[in-house]
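Colleague: I am new to this structure and would like to go through it with you step by step. Could you begin with the terms that we will need?

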Amino acid sequence: MSDLVSPFKAFLKQHGYQLTSERVEIAQVVGQQRRIFTTEGLISQLKEGGYRQSRGTVYSTVRLLAEAGLIVQLPQASEAHYLTSEQASLYAVCRCRCCGAEVLYRQPRRLEALRHAPTHRYRLVQPLLVFFGLCQRCERETAKTNNKRSETQSRGLQQASSSR
Ligand SMILES: [Zn+2]
């Protein structure tokens, strides 16, 4: 389990944010995440765990954790997806450019090298490696539609030649 709680406490203190037990509990649950997660998913997990934080508190705490660099927000158009910075330093994200499905892909050595790559003017960098591609399901779907298309095309050709 990644210890996200102590650096988070230090961040809150350093930036003059209130350190509440609710925020600490949320940070604990976030530290246990091993997959890509959303704030909504986190809210369900907290509810299941018997925690009573308000949605507003969970949302603001998640934003603070991102601001602290302890989680990274994945580039995304709709609902924000997050990954703990610890997991982001071990796994690349593969995202399907067709359906948006995301899987993690273990790349510790490549990410370690990226972390030590010189960055211009920025310090405390957290690289995030995202591969955009086509997932197996979408690849099969694309192959199917392509086959169908070529089938109808050849059928059309046959019809055209028989009508002649
Ligand atoms: Zn897909």
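Modeller: When two axes are compared, angles under 35 degrees count as roughly parallel, over 145 as roughly antiparallel, 65 to 115 as roughly perpendicular, and the rest as oblique. Please keep in mind that this is a predicted model.

Colleague: Which of these words describes how H3 and H4 lie to each other?

Modeller: The axes of helix H3 (residues 39-48) and helix H4 (residues 55-67) come within 10 Å and cross at roughly 125°. The contact is made from the H3 side by residues including Leu42, Ile43 and Leu46, and from the H4 side by residues including Val58, Tyr59 and Val62. Since angles of 65 to 115 degrees count as roughly perpendicular and those over 145 as roughly antiparallel, the two helices H3 and H4 are therefore oblique.

Colleague: What is the geometry of the site of the zinc ion?

Modeller: Its protein donors are the SG atoms of Cys96, Cys99, Cys135 and Cys138, which lie 2.2 to 2.4 Å from the zinc ion. Four donors count as tetrahedral if all angles lie between 85 and 135 degrees. The angles among the four donor atoms here are 104 to 113°, and the site is tetrahedral.

Colleague: How many residues apart in sequence are the parts that Cys99 and Cys138 tie together?

Modeller: The donor residues follow the spacing C-x2-C-x35-C-x2-C in sequence. Cys99 lies in the loop between strand S4 (91-96) and strand S5 (102-106), whereas Cys138 lies in helix H7 (residues 136-163), so the pair ties together parts whose separation in sequence is 39 residues.

Colleague: Is Cys138 buried or exposed?

Modeller: Cys99, at 37% relative accessibility, counts as partly exposed. Cys138 has a relative accessible area of 7%, and because buried means under 20%, Cys138 is buried.

Methods: Residues numbered from 1 in each chain as written. Predicted model: local features only at pLDDT ≥ 70, side-chain atom pairs only at ≥ 80, totals over all residues. Heavy atoms only, no water. Donors = N, O, S within 2.8 Å, 3.2 Å for Na, K, Ca; no water. Tetrahedral: all angles 85-135°; square planar, octahedral: opposite > 155°, others 65-115°. Helix = DSSP H or I, 4+ residues; strand = E, 2+ residues; numbered from the N terminus. Buried < 20%, exposed > 50% of the residue type's maximum accessible area, 1.4 Å probe, protein only. Axes fitted to C-alpha atoms, helices over the stretch in contact; angles between N-to-C directions. Contact = heavy atoms within 4.5 Å.
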